[in-house]
Each structure stands twice: as structure tokens, then as C-alpha cells.
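Here is a friendly walk through the structure shown below.

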Amino acid sequence: MNHLASGPEPSPDFLQLDRNEALSLLRSMVRIRRFEEKCAELYAAGKIRGFLHLYIGEEAIAAGVMPLLDADDAIVSTYREHGHALLRGVPPGAVMAEMFGKVQGCSRGRGGSMHLFDVSKRFYGGNAIVAGGIPIALGLALADKMQGRRHVTACLFGDGAVAEGEFHESMNLAALWKLPVLFLCENNQYAMGTAIDRYESEQNLALKAQSYRMGVERVDGMDVLAVRAATRRGLELVRGGGGPWFIELVTYRFRAHSAYDPELYRSKDEVKQWRKRDPIVLFEALASERGLVGPDDKVVIEQEIDAEVAAAVAFAEAGSLEPVGDLTKDVCASRGTP
Amino acid sequence: MPSLGADMDAGTLVEWHVGPGTVVKRGDVVALVETDKGIVEVEIWESGTIDAVLVAPGTKVPVGTVLATTRADGAPTPATAAPPAVLNPPVSPAAPHAEVRASPAAKQLAREQGIDVTKLHGTGPHDTVTRADVERAVGATATGAPATSPEHERMQAPPPPAAAAERPSGIDTAGMRRAIAAAMARSKREIPHYYLSADIDLAATIAWLEGDNARRPVTERILLAALLLKATASAIREVPEINGHFVDGVFRPSSAAHLGVAISLRQGGLIAPAIHDVQDKSVAEVQIALRDLVARTRVGRLRSSEMSDPTLTVTNLGDQGVESVFGVIYPPQVALVGFGRVVERPWASGGMLGVRPIVTATLSADHRVSDGHRGGVFLAAVNRLLQRPEEL
Amino acid sequence: MSTINRDAVRQTILDALSSVAPEADLASLDPKAALRETLDLDSMDFLNFVIALHKALGTDVPERDYAKLATLESCVEYLVTHGR
Amino acid sequence: MTNGTAAPARKTTYREAVRAALREALRSDERVFLMGEDVGRYGGSYACSLGLLEEFGPERVRDTPLSEAAFVGAGIGAAMAGMRPIVEIMTVNFSLLALDQILNNAATLRHMSGGQVGVPLVIRMATGAGRQVAAQHSHSLENFYAHIPGLKVLAPATIEDARGMLATALEDPDPVILFEHAMLYPVEGELAADAGAVPIDRAAIRRAGKDATIIAYGGTVAKSLAAAQTLAERGVDAEVIDLRTLRPLDDDTIVASVTRTRRAVIVDEGWRTGSLAAEVCARIVEKAFYDLDAPIARVCTEEVPIPYAKHLEEAALPQPAKIVDAVLGTMGEAGHG
């Protein structure tokens, strides 16, 4: 069964929205937005180093998907995974401390922004190798299936990954072995500095997955309700044992590929056009139009989130460094000698 | 100047979009900065009013430099200091050792056994000297046991200058040379030497010695050197001011005669370890101690006490054909006794002219502690004692 | 006096010399050269040499005969004639 | 080295020993499953898994598409989630397609995640040359993997090790890579009926000797023993060490031997530059410099893609004659006595 939805249709999901759900979706997106903005500031101040890939503009996907996953479902993500981690429940302080290189970080300061891990929440990391995480997702799903566990593995990746061999090998193997994986392709139109029309012969990425006889859907990644509805459908099918499901979420990142770059590859005007469809702005308009959310709700949300972000930064600042003596700890489990 | 990339150390301010007095809010783009990758818009993270612009367009400044300050909110534009990169000074390689074609194992054993590898025939690859070659040279019956024994003593140069830094178990001839040179220079600088000599007729001494040796098995045969050492020790009782140490401006006489015996190492180098308490030893005991000391010196097995506390050194280099020896005192000792080669010379005794075996005894001494008269008394005592060897 | 005995004595002398002067190049020793000078033997070395000969051959060389051991050749002669 | 009271040994081959190890692993632990190209219906490219599909079924003996990155990555993921997969990569030559998954995920996850997740995965690969299958099927790249912290790398050279290493590797909480030299599969020999798991952290002295130490692993152990035999006939008593573990290297056994013999010749089917032999050489110099009586010698594959023609392939590979020459070279005159 494949369902090539081209644009947002009024789905039952849309009608059942109540005030609490509206507030929760809005808070989810604003939490990510403010957290990422603070990261940009801290990077400029030299507190966060290395590479930093921000999720600003794509918040609707994390907000639409993460709350629907069960606690025992597994997640494999990419280096643009702050939003995924936060909404999966990885504490903001642990994420910020990780970017400060502190041992209180969710990967003890060893992973940094691109390698956030929290195995207690089956969040099997960021991964800095484009498409590098997809085969792992297959394995997690294979193990669940072989051990009779009805879990889903959510595998998030960008449009750039679709050009990697590992993507095609994995799509085939997943479909062939009917592995319980929900593939979520965040198509933000660019592979770093290369627009999709300059690196993909076929830009409808869902079609690629479909060619491996896998159920697919293409969704407006800026509409949090549409994302949620599609995810709900996909999860039902995968959890039902129907094998893998692929959703292409068409979205856009408002800031540079990583931290700061001159964005020579796109025009200011294009960015301006996409900003008009800012997922937070869209949803605020819809929710207030339906009387679900008022202006003072937004003030309360902003205050709560500013406090949460400030607390996260304080936690990171107060963190300590891992003793150098532990450098080779955990290279191996046994005897510790690498 | 914000950090705009993992590999960015500095940036050039291209253009200001604001000036003093402009009101700004968080997130506004306030300037353009040029990085290696191109021009990037720079936001301000504090709302407020621009107070002063500190960096002019076209200036390149390191990350962390304050570009502008704001009023009302008071907090200046955030500045972060980029830690200066500290370059470690390149380490100069150690001076290369003189090139000797011998394997490390060979060199190590050679150092321990005081063997000069350059004199050995190499049977290793490319005719290099191997450990087996050195073992043959040491003549040790190599039973596979390593030649170096665990209780091996460390060798030191004779006077107590800073010992040459060398592997603890080996004699570093180069290091020893340096140590001797330093001691000699210091001795010459600090000690006002005076020198005396006296010829001694050894006819009676040698006659007694040959008779005594004829009665002894060859392994217990006594050398003339033992008699000379014993005479020296006994003479000290009459002139104690030539036996002891001069330290920090004060002379400390020694009740014991720990006589340093100058022994030449077979391939160059000179060491003067002590025979302890010669005054309490019989001539036969001095001979045994002397033989043992020479053997152990040649294989580098000396105790540190033998090195550090001779109270007077006796050099018997006469053995090598030099008739009179005026040596340099080893600090902190205060004298040095020398015996030249025994020479058949015309000699008048009791009005009769004859040919006698003569040895020239010499004394170098420290004028701060003794004087020529007392030195003369000492040499006369040595002479007298040697005339009645049986009483030594 | 058969040559075998002479060669054996000669080898014993060389062994005794090498134990006293291990680094010496005995292979190229001139039989007529003065041992004490060429091999740089002091009185202690010479005494050890005499003791080594005593252990190997059982002969006791008295001090007065030291002069007869001046060279390798004279040593051989002396020991062949005085050997037991 | 069999102890006196071992059960009666029986004739077998290296290949059958590998198969017995696989069968025992699948039987004794539900979490274990075998995955790789042609491991099921075809019975394994080197027939190591013949009969296992019939005995354990398609769920636990899984033929895969030709997608090394995908199925090795899947093996990693499954290990992370509680399984104990054995992934067979047909030969080390094809493992380069999966090197990203092995290096960036398998070897790295435990440390990079701050110790939160391990990868108890075993990967088996054939390696080495000698069958005239030319360059692209004849590489010996063990050192690529022995370079990577987070992995253990083994080279079973004997039938006993082929039978016993897999079980120990499966117990290890970290990824283990087993290199089986292609020329060893048909080798016949004795194996105790009750042969089982063997330790994997020690090298083995296959022949004691006092004049020189020959250090080898995998396919070059037999050649080194042959060389030692020839040397014995020429009065040179050579010791032969079988490394068995390429990471971590058993420095103690290597250094103790070289300290005794004072001479070392390292035999490695990899190319000389940046080879495992170079690493062993460096460790001997670092730890036994003062005991060396001759420069360390290496006998490696010539720096050339392995040629097809028989005479050229033999010329390229380490051979007993080259090992003999290298040992004699370290002996100097003593060697030609």
C-alpha cells in the first residue's frame, strides 16, 4: 500500500486537535528553536567548538514524530540531531554539557554535538557519517524482530544520504527482510552546499524507496500536524509487521549547514520565501485561529523555555572535565587496553 | 569577533550595519565579517544601544576581540579570548656517539666489562662486533648466564667530582676522562702544591723480598708495591698532616691510612680506589688486598666506599719506566706519594762505590696543611722503614 | 722434545697472556718482542701471568728467572726446558 | 603441545574445524546467528557453513545481498540490541566496502558514547594469496584492522585455533575480527575430540630455539616452521612464534624470546611499508634494544599487486628460502659456520 500524498489534506488528525495537544506541539517546537539559537550564540562565543549543525526550520518533524514513539522504540539519527534528542527526552543540560565537552554530557564529552547518545532511551546516537547510521538501524530492527519484540526503529537522515551506497543497500535489505524500520528522510533541499537538483537525478526521494517495494509517503515537513498524521500511519503499519515504511518530509533549514557559512549556495530571497512557512509561525496562526492558543500562552511558554535553556547552560558551565587518566577507558570493555 | 568556524582564528571586519546610538535587539545582523570561506553576517545577542565601534572596516582581528560595546544593557559585545598557540621549542637531537660498528648487546657488555670494542675483531653481519665477540674477549666462561652480575658496583672517577652520567653498571671511559680533567683543574686551582723527592736504596728490601718469596707458593708471592704501600702507611704515623681531607677550608686528619692506589685500566684511564686500613694490615695482607683490588678495578667491580674515601693516594707508575713522578693531588686529599721505576744506579754507601737498585720517591703536598720540612721528614721515614722490611 | 709438546706449551703461554691482557691481539704477537712493553704488562699483570703458567703447567718460575720470560720465544724455551 | 590425557585425536581439516566451531556456537546460544554472502544455500564460499542452513534454518543462517556495508552495519546494530551475530565477509578484499561501518561504528561506539553501548560482534574473513586469483582477491590487509583501537584481531594458524578461537571471540563484549588464511582451509591434521575454546590473548611458541626468533602469523607460520627445519640442518636453532593475536600484540612473549636469542626475523604476508611487521619491529626496538645482536630483519610480500602467474605470485610472497636467508643474515659469520 503506498500513499503518495502531495499536499496537506484536512485529515482526521487535524480535526481532533485539542488545547493541550496544541500547547504541547507549540512548546516542543519553541524548545528546539530557543535551544538552537542559544547554541549559535555560544558557538560564536567560542564555548561550543568543532562542528555544530542547527535544526532551526525543521522543528515540525521532531515535534510531529518523537512524541508518537514508544519508550522501547529505537532511534538512529544524524549530526543534526539536537531536536530529536531533546524531544526524545535527553535532558537539555546533558546535551549542552556534551557540547561544552564536559563529563556530565550525555556522551561524557567525547561525542560533542554530532554524537549525542542516551541508550537508556534507546537513542543510538547522532552519526557524523552521512547514511552511516542507516545499516545500524537495520540491525536494531533485525534484533528486535528475531527476539520477538514489537518495537519500531525510527531512522532519521537527510536528503544527502540518499546518494550514498549504504542508503540503497539498506533500503533493499530492509524491504527484503521486512525489517520494522520507519525511515524518516528530512529533505531540507541541500546536501551541505549542493542543492538537491544539482546532485539527484530523481528529486522525489520517496520514489527511490518505493523502487525497493517499500511503502512510502511524501509530506510537507513544515506542517507539524501533517507530519504527525503521516508518522501515526507509518508507525501503525510497521508495528503491524508490514515491514519498513519510508516518509519523505520536505523541509528547509533557515541557518547555515553548520554554525556559520557564507551560504554562497542559496539566495537570500529563497531563504526569505521559506521563512514565510516557519513551522512555528504556521502552527501558532492555526492554533490561535481555532482559539486553542492565546497570546499569554505564548508568553508563558517563552518564559518557561528561556528558564530551561538558561538552566541547561548553567549546568554545562558548572560541569567538570573527564580526567585525562580515563582517556582510553571504554575503548574496549575488557581490561581497558585498546 | 565571533568564532564562525571550527578552523577560524581571525576575521576581517568588512562592514558595519550599525553605529554608535543605533538601537539593536537580539538576533539583529550588525556587521559583515570576512572568513576564509567568504562573507558572513554577524548577529548581536544582546538587545540595547550601540555605544562605541572599536574596529574599523578592513581590519583583521583575532577571534574574541571586542568589536563594539553597547549601552543601557551595559554588557559589552561578548568577547572570547582565543588561547594563544604555544609552540614547544624543537628538541635538539642528542650528540651522536662516536660511530663504532658493534651491536647494542655487544656495546652494553663491553661497557660493563671495560672492553674497548674498537679493538675487537667483529664476526657479526657486515663484520660488526657481536656480544659473543665481547664475551670471548672477556674470557668469561659464558655459560649463557649474563656477564653482568646483579651486585655490580657502579664505577666512579677517583676524586669525588660529579660522576659521569652513565648506565649504572658500566665504566664510561669518556665520562671518566671528563671527571678526571675536572678534578685536576680544580686541584691545580685550589691547592698550592709543593714537591719533594728522595732516592731510596732498595737493595736490602729486594733481597728480603726474594728470600721471603722463595719460601712462598707462587700464588702468595708478594710484589715490591705491597712493601712500598706498607712503608707509606707506617710513615704517616710520624707525619699525620699528609693523610686526610681538606674540606670547606678545614683540614681533617684521618686516623686510618686508606691508601688510594692508582691503577691504570688496560685500555686507558686511571682510577685510584682505596685499600682500607693499610696501617693494620701485614705486608702479605696488603698484597692480597692489592691483587684483589686490581682485578676488580679492571672489570669495573668496585665498592663506592673504595672510591670515595682514600685519605692519601700512592701512585706506583714507576712500574711503567718513568723514574720520578710528580702527580697532582686528588681533592679533597692533601698529598700524593709517587714511586718511580727501580733502576740500577751507581751508589756510594759507607765510602764504598757500588751499583744498587734505586727508586725515587716523590711527594706532592698541600702547602695549606704541611710544608717542605714536614714533607722531607715523611720521605726520610719511608726510606728508613724500607731498609728493615722484615719489621714492616 | 717433540714439537707437539712445544706447540702445546706455546698455546698455554698465549692463553695465560690473554687472561691477563684480554684485549691484546695475540695472533699477531712478534715472538721476539718484549712482552711487558708490547702488551703493557705492569708488575701485577706479570705476577698474574706467572701464576697462570703455574696453574696450567705446574712450574714455579722464581723471581730471579723473570728476565728469562721477556719474550714469547724465550718463554717457550724456558718452560720447555724447566717443565716437569 | 597436546597434554598426555587428551581424548583420542582424530583426523580433520582446518575447514571442518571452522565448521564445527560455527555449529557449536549456533547450538549453544540462541543469540548467535550467521550472516553473509552465500553462507546458507551455497554452504559458504569456502564451504565452512555447509549443512548449517539445513540444521538451523534461514532465520539463523542468513544469505545476504552483495551489500557489505549494509549487512555488516546490520550485524553491528543487532549486536548492540542483544544478539551475538557472526558476520562472514567473503574475503578481506571485499571488507573495504564495510570498513566505514567497522571503523566508524563498531570500533568507536563504546568509547564515543561514553561507555553506554558495546558491539559484541564477530566478523570472519578469508585473507591472503597463493591460489593465483590475482590482485583483487589476494590481499593481506590484517594490519588495516590491527591498527584500530576498539577492535580485537585474531589470526588462527592451526586447526586447534580454528576450532577454538570463535567461541572465545563470541564471549568478548567488543568486536573481534577473525582472519582465516585461504590456503589453510584444506590443511589436514589432528584435533582432540573434545577440543573447545582457546585463549586469544597470548602468542604461542610453535618451536623453541636459541639462536634466532622467527615471528609469524596465519599463513606464514607453516612457512616459518619449514624454514626453521632447514636452518636446524645447518646448525642454526631458530625459535618460531605464532602471534595468534594481532591486536593486542603479545609483547611479553615476543620480547622475552628476542631477549634470549638476540636476533629477530618477522614474516608478514602484508606489504612491507606500514606493515604489521613494522609495528612488531618497532616494539622490539623499543623494549629490547640493548639485547639485540643484529638488526631486525623482515620478510614481507613484495610491494606489488599480487600477480596472476604462478611463478610471479611465488616470487612476490614470503617463502621458506627467503626466511632462511634472513635468519642467516642476522647471524653474520656464526651463520655460515
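A quick definition to start with: pLDDT is the predictor's confidence in each residue, on a scale from 0 to 100. That matters here because this is a predicted model. Chain D averages a pLDDT of 95, and 97% of its residues score at least 70.

## The seven-stranded sheet of chain D

Let's begin with a sheet in chain D. Seven strands make up an open sheet here, in the order β3-β2-β4-β5-β7-β6-β12 (chain D), and the pairing is mixed. What stands at the edges? That would be β3 (61-63) and β12 (245-247) of chain D; each has a single partner strand, so one side of each is left without a neighbour in the sheet. On average, neighbouring strands of this sheet are turned by 20° against each other, ignoring direction.

For one pairing inside the sheet, take β2 (residues 32-36) and β4 (residues 84-91) of chain D, which pair in the parallel sense over five bridges. Met35(D) stands opposite Val87(D) in β4(D). Two helices also lie across strands of chain D. Helix α3 (residues 68-80) of chain D lies across β2, β4 and β5 (122-127), running at about 160° to β4(D). Helix α8 (residues 159-171) of chain D lies across β2, β4, β5, β6 (152-154) and β7 (176-181) of that chain, at about 165° to β7(D).

## Helix α9 of chain D

Helix α9 (residues 220-233) of chain D has 14 residues, and at 1.5 Å a residue it should span 20 Å; its end C-alpha atoms are 20 Å apart, which agrees. Just after α9(D), Gly235(D) takes a positive phi of about 80°.

Which residues of α9(D) are buried? They are Thr220(D), Val221(D), Ala222(D), Lys223(D), Ser224(D), Ala227(D), Ala228(D) and Leu231(D). An α-helix has 3.6 residues a turn, so residues three or four places apart point the same way. What covers the buried residues of α9(D) includes the strands β9 (204-207), β10 (212-216), β11 (238-242) and β13 (264-271) of chain D, along with helix α13 (320-331) of chain D.

## Where chain D meets chain A

This contact takes 35 residues from chain D and 36 residues from chain A. On the chain D side, the elements giving two or more residues are α3, α5 (99-106) and α6 (109-112). Which of them gives the most? It's α3(D), with 10 residues, and this is the helix that lies across β2, β4 and β5 of chain D. By class, the side of chain D that touches chain A has 15 nonpolar, 15 polar and five charged residues.

## Where chain B meets chain D

Chain D also has a contact with chain B: 11 residues of chain B touch 12 residues of chain D. On the chain B side, α1 (104-113) and α2 (131-138) each supply at least two residues. The largest share, four residues, comes from α1(B). The chain B residues in this contact divide into five nonpolar, five polar and one charged.

## Strands in chain B

Chain B has an open sheet of three strands, in the order β2-β5-β7, with antiparallel pairing. The edge strands are β2 (23-24) and β7 (68-71) of chain B, each pairing on one side only. Strand β5 (residues 48-53) of chain B pairs with β7(B) over four bridges, and Ala52(B) stands opposite Thr69(B) in β7(B).

Further along is strand β15 (residues 312-315) of chain B. Leu312(B) and Val314(B) point one way from β15(B), Thr313(B) and Thr315(B) point the other way, and all are buried. Three bridges join strand β11 (residues 259-261) of chain B to β15(B), and the two run parallel. β15(B) also pairs in the parallel sense with β16 (residues 335-339) of chain B, again over three bridges. Thr313(B) takes part in both pairings: it is the bridge partner of Gly260(B), and its own partner in β16(B) is Leu336(B).

## A buried valine in chain B

Last stop: Val382(B), found in helix α8 (residues 372-387) of chain B. Why does Val382(B) count as buried? Because it has 22 other C-beta atoms within 10 Å, and 20 or more is the cut-off. Leaving aside residues up to four places away in sequence, Val382(B) touches Ala231(B), Thr232(B), Ala235(B) and Ala361(B). Ala361(B) is 21 residues from Val382(B) along the chain, and their C-alpha atoms are separated by 8.7 Å.

Technical notes:
Residues are numbered from 1 along each chain as its sequence is written. Chains are lettered from A and ligands numbered from 1 in the order in which they are written. This is a predicted model: local features need pLDDT of at least 70, side-chain atom pairs count only at pLDDT 80 or more; totals for chains, interfaces and linings use all residues. A residue is buried if 20 or more other C-beta atoms lie within 10 Å of its own, exposed if 12 or fewer, and partly exposed in between; C-beta atoms are placed from the backbone. Two residues are in contact if their C-beta atoms, placed from the backbone, lie within 7 Å. Two strands pair if DSSP finds at least two bridges between them. Ala, Val, Leu, Ile, Met, Phe, Trp, Tyr, Cys and Pro count as nonpolar, Asp, Glu, Lys and Arg as charged, and the others, Gly among them, as polar. Axes are lines fitted to C-alpha atoms, for helices over the stretch in contact, and angles run from 0 to 180 degrees between N-to-C directions. The expected span of a helix is 1.5 Å times one less than its number of residues.
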